[in-house]
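Biologist: Can you put the model up? I'd like to go through it piece by piece.
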Amino acid sequence: METEAIALIVDEPIAGHFYWVLQKQDGSDCRPIDAAEGPMPTYGAAMMAGIAALQRRADARGESQTMH
């Protein structure tokens with residue numbers, strides 16, 4: 001099974017507005033593959049929402065047994 005490296009980034013482009021972004025390495029570039037639809041009130045909330053999105057992605061690929 002091929003695995004892909006995905007990074008979870010939390011960005012705060014405006015003070016108090018946190019967004020999670022999932023990025024995939026594509027050669028020498030990183031490209032976004034999923035992102036928050038709207039801002040979260042805290043860094044922690046954005047991080048947890050991003051982790052949930054990453055888990056949904058793994059579940060959809062059938063990799064939930066390999067993520068502990």
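Modeller: One term before the numbers: accessible areas here come from the Shrake-Rupley method with a 1.4 Å probe. On that basis the protein chain has an accessible surface of about 4,700 Å², and carbon and sulfur atoms account for 54% of that surface. Keep in mind that this is a predicted model.

Biologist: OK. What are the elements, and in what order do they run?

Modeller: The protein chain has 1 helix and 3 strands. From the N terminus the order is β-β-β-α.

Biologist: How do strand 1 and strand 2 run, and how many bridges join them?

Modeller: Strand 1 and strand 2 run antiparallel, with 7 bridges between them. Ile9 is opposite Val21 in strand 2, and Asp11 is opposite Tyr19 in strand 2.

Biologist: And strand 2 to strand 3?

Modeller: Antiparallel again, joined by 6 bridges. Leu22 has Asp34 in strand 3 as its bridge partner.

Biologist: Which residues take a positive phi in the hairpins?

Modeller: In the hairpin of strand 1 and strand 2, Gly16 has a positive phi near 85°, and there are 2 residues between the strands. The hairpin of strand 2 and strand 3 also has 2 residues between its strands, and there Gly27 has a positive phi near 70°.

Biologist: Moving on to the helix. How many residues does helix 1 have, and how far does it reach?

Modeller: Helix 1 covers residues 43-61, which is 19 residues. From first C-alpha to last it reaches 27 Å, close to the 27 Å expected at 1.5 Å a residue. Just after helix 1, Gly62 takes a positive phi of about 75°.

Biologist: Which residues of helix 1 are buried?

Modeller: Ala46, Ala49, Gly50, Ala53 and Ala58.

Biologist: What covers them?

Modeller: The cover over the buried residues of helix 1 includes strand 1 (6-14), strand 2 (17-26) and strand 3 (29-35).

Biologist: Which residues make up the largest nonpolar core?

Modeller: It has 5 residues: Trp20, Leu22, Ala36, Ala49 and Ala53. Strand 2 and helix 1 are the elements that give two or more residues to this core.

Biologist: What does Trp20 touch?

Modeller: Leaving out residues up to four places away in sequence, Trp20 touches Leu8, Ile9, Val10, Asp34, Ala35, Ala36, Ala46, Ala49, Gly50 and Ala53.

Biologist: Why edge-to-face?

Modeller: Because planes over 60 degrees apart count as edge-to-face, and the planes of Phe18 and Tyr43 are at 90°.

Biologist: Where do Phe18 and Tyr43 sit in the chain?

Modeller: Phe18 is in strand 2 and Tyr43 is in helix 1, 25 residues apart, and the pair links distant parts of the chain.

Biologist: Is Phe18 buried or exposed? What about Tyr43?

Modeller: Phe18 has 12% relative accessibility and counts as buried, because the cut-off for buried is under 20%. Tyr43 is partly exposed, at a relative accessible area of 44%.

Biologist: Last one, for the whole chain. What share of the residues is buried?

Modeller: Buried residues are 18% of the 68 in the protein chain. As for contacts between residues at least 6 apart in sequence, 34% join residues at least 24 apart.

Note on methods
Residues are numbered from 1 along each chain as its sequence is written. This is a predicted model: local features need pLDDT of at least 70, side-chain atom pairs count only at pLDDT 80 or more; totals for chains, interfaces and linings use all residues. Side-chain values use heavy atoms; hydrogens and water are left out. Helices (H or I, at least four residues) and strands (E, at least two) are DSSP runs, numbered from the N terminus. The expected span of a helix is 1.5 Å times one less than its number of residues. Buried means under 20% relative accessible area, exposed over 50%, partly exposed in between (1.4 Å probe, protein chains only). Contact means heavy atoms within 4.5 Å. Rings of Phe, Tyr and Trp (its six-membered ring) pair if their centres lie within 6.5 Å; planes under 30 degrees apart count as stacked, over 60 as edge-to-face and the rest as tilted. A nonpolar core is a set of buried Ala, Val, Leu, Ile, Met, Phe, Trp, Tyr and Cys residues joined through side-chain atoms within 4.5 Å. Two strands pair if DSSP finds at least two bridges between them.
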